[in-house]
Amino acid sequence: MADKQEAKQKAKETKEETKPWIRRFGRIGYMSQGIVYALIGVLALLAALHVGGDTTDTGGMLQKLAGMPFGNVLLWLIGIGLIGYVCWDAILAIKDPNKEGNGNRTKGIIIRIGYGVSTVIYASIAFNALRFAATNQGSGGGSEQSLTAKLLTYPFGQWLVAAVGLIIIGYGIYEFFSGVSGSFMNRFKTAEMNKHEKRAARQAGRIGLISRGIVFGIVGFFFVLTAIQSDPDEAKGLDGALAEVSQQPYGRWLLAIVSVGFILFGVYSIIRGRYESMSFGKNA
């Protein structure tokens, strides 16, 4: 009996010892996420200003990096860093250590599903970054069409595609209102931040989350449209959503605003990596 208790205690201690490493890996992941979005924003802004670049998604951005000097090194860093983000997202989906549902079971389940979807998406991005880094080349585009085409072949495939679209729309709405209300600041250990860091996090987060929420809403809409029409070609990712923005009246200026929002979301994610309040275990 004593041996069993001792073994349990040792297992618990080992678990507690690993938690800080998981959280640190997660912090690096947030920073990697920030770099990814900042680069997408820069490329889209250049397209909006007609000085080079184009509207692209994560796959297109990674492909461009693969062909740049020292791009290979950056791809390795992004890929490895995003593995940390994936680990932390998986923990948020399974354990909900931050209790984001605030006692509301339905809200908590929806948020955890969102983190689960995010885990899959960023695992794919990390895999592609490491694959591009290893092969020094990449094949871009078509990931959304491939995903929806596969889903549409399954029983109730149209419902699955519609569900994915609604989850993306829901998460976009959540991010939009989080940006509008400024509630995202509750995630930060503000006591450790000086006034300049707080201001930068608040402004970058507000504009960045609103921009990403709008784009996610557009992406989700196209997934739902795909389900209704049962046509994988209707599916669009970030690149398609940004292209759609650019085709609206005053689209060039709208694209520039959204692009700046993505760059600021990148800044927000980098600050979040440094000051995120991670309550999973001790010594966050």
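Here are some notes on the predicted model above, point by point.

1. Ground rules. This is a predicted model, so local features need pLDDT of at least 70 and side-chain atom pairs count only at pLDDT 80 or more, while totals for chains, interfaces and linings use all residues. Residues are numbered from 1 along each chain as its sequence is written, and side-chain values use heavy atoms, with hydrogens and water left out.

2. Overall make-up. The protein has nine helices and zero strands, where helices (H or I, at least four residues) and strands (E, at least two) are DSSP runs numbered from the N terminus. Along the sequence that reads α-α-α-α-α-α-α-α-α. Of the 284 residues, 43% are buried; buried means under 20% relative accessible area, exposed over 50%, and partly exposed in between (1.4 Å probe, protein chains only).

3. Contacts and surface. Take the contacts with a separation of 6 or more: 74% of them join residues 24 or more positions apart. A contact here means heavy atoms within 4.5 Å. The accessible surface comes to about 14800 Å², and carbon and sulfur atoms own 64% of it. Areas come from the Shrake-Rupley method with a 1.4 Å probe, and for residues only the protein chains shown count as cover.

4. Helix α7. This one covers residues 195-229, 35 residues in all, and runs 51 Å from first C-alpha to last, close to the 51 Å expected at 1.5 Å a residue. (The expected span is 1.5 Å times one less than the number of residues.) At its start, a side-chain oxygen of Asn194 comes to within 3.0 Å of the backbone nitrogen of His196. Just past the other end, Ser230 has a positive phi of about 55°.

5. Ser211, along α7. Ser211 sits in helix α7 and is buried, at 6% relative accessible area. What does Ser211 touch, leaving aside residues up to four places away in sequence? The list is Ile257, Val258, Gly261 and Phe262. A polar atom of the Ser211 side chain also lies 2.9 Å from the backbone oxygen of Ile207. Gly172 is 39 residues away along the chain, yet its C-alpha is 9.3 Å from that of Ser211.

6. Phe222, also in α7. Phe222 lies in helix α7 and counts as buried at 6% relative accessibility.

7. Salt bridges. A search of the whole structure turns up three, taking a salt bridge as a side-chain nitrogen of Lys or Arg within 4 Å of a carboxyl oxygen of Asp or Glu. Glu175 pairs with Arg212, with the closest N and O atoms 2.7 Å apart. Glu175 is in helix α6 (residues 157-181) and Arg212 in helix α7, so this pair ties together parts that are 37 residues apart in sequence. Buried or exposed? Glu175 is buried, at 3% relative accessible area, and Arg212 is buried at 3% too.

8. The other two bridges. Arg272 and Glu276 meet at 2.8 Å, N to O. Arg272 is buried at 9% relative accessible area, and Glu276 is buried at 2%. Lys189 and Glu192 meet at 3.9 Å, N to O, and here Glu192 is partly exposed at 45%.

9. A nonpolar patch. Phe25, Ile28, Trp76, Ile80 and Ile83 make a nonpolar surface patch of about 420 Å². The elements giving two or more residues to the patch are α1 (2-48) and α3 (71-95), and α3 gives the most, with three. Patches use residues with over 30% relative accessible area and no salt bridge; like charges are joined within 9 Å, nonpolar side chains (Val, Leu, Ile, Met, Phe, Trp, Tyr) within 5 Å. Trp76, found in α3, is partly exposed at 38%.

10. Ser32, in α1. Ser32 is in helix α1 and is buried, with a relative accessible area of 6%. Not counting residues up to four places away in sequence, Ser32 touches Leu77, Ile78, Gly81 and Leu82.

Terms used:
Polar contact = N/O pair within 3.5 Å; in protein donor to acceptor, adjacent residues only side chain to side chain.
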